[in-house]
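Reader: I would like to learn how to read a few features of a protein model. Please take them one at a time.

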Amino acid sequence: MSMTITALPSNTESNYFQGFSARMFGAFIQSAREKAGLPVEPAAWLAGMCTEEWVSLEAGDLLPNTREKFELIAQALDIEWSTMTSIILLCRQAWGIQ
């Protein structure tokens with residue numbers, strides 16, 4: 001299966017959906033962390049992030065922008081890569097892609 005990814009046009013509506021999707025991604029990460037029984041500090045440390053970055057990630061204010069960062073987060077939370085990619089696809093508007 002081939003997938004084409006294109007940027008959303010920048011307007012108020014797309015910005016709204018980007019913010020919503022970023023918060024949804026953060027909520028998935030927070031839920032996975034809680035399910036794993038990890039406090040914020042150890043989860044951040046395991047992912048190579050500072051606590052403030054992790055808090056921003058869960059709030060939807062900070063988004064990973066490399067595969068390596070996604071992989072570190074997935075490893076820290078013991079999320080299978082296929083699950084992480086599904087979450088990314090579900091929340092893809094957070095990165096401005098369709």
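**Reading the pocket, the patch and the loop**

Author: By class, eight nonpolar, two polar and two charged residues make up the lining of the largest pocket. Keep in mind that this is a predicted model.

Reader: Which residues line the largest pocket?

Author: A lining residue has an atom within 4 Å of a pocket point. Here the lining consists of A47, G48, M49, E53, L57, L62, L63, P64, N65, K69, L72 and I73. Two elements, α3 (51–59) and α4 (67–76), each give two or more residues to this lining. The most comes from α4, with three residues. The volume of the largest pocket is about 190 Å³.

Reader: Which residues form a nonpolar patch on the surface?

Author: Residues in a patch have over 30% relative accessible area. In this model Y16, F17 and F20 form such a nonpolar patch, and together they have about 300 Å² of accessible area. One of them, F20, lies in helix α1 (residues 12–35).

Reader: Why is F20 called partly exposed?

Author: Partly exposed covers the range between buried, under 20% relative accessible area, and exposed, over 50%. F20 is partly exposed because its relative accessible area is 39%.

Reader: What should I know about the phi of D78?

Author: Most residues other than glycine have a negative phi. D78 is not a glycine, yet its phi is positive, about 55°. D78 sits in the loop between α4 and α5 (81–90).

Reader: Is D78 buried or exposed?

Author: D78 has a relative accessible area of 69%, so D78 is exposed.

Technical notes
Residues numbered from 1 in each chain as written. Predicted model: local features only at pLDDT ≥ 70, side-chain atom pairs only at ≥ 80, totals over all residues. Heavy atoms only, no water. Patch = residues over 30% accessible without salt bridge, like charges linked within 9 Å, V, L, I, M, F, W, Y side chains within 5 Å. Areas by Shrake-Rupley, 256 points an atom, 1.4 Å probe, with all protein chains shown as cover. Salt bridge = Lys/Arg side-chain N within 4 Å of Asp/Glu carboxyl O. Helix = DSSP H or I, 4+ residues; strand = E, 2+ residues; numbered from the N terminus. Buried < 20%, exposed > 50% of the residue type's maximum accessible area, 1.4 Å probe, protein only. 1 Å grid on protein atoms, 1.4 Å probe; cavity = no way out; pocket = protein on both sides within 12 Å on 5 of 7 lines; lining within 4 Å. Points joined across faces, edges and corners; volume = space filled by probe spheres on them. Nonpolar A, V, L, I, M, F, W, Y, C, P; charged D, E, K, R; others polar.
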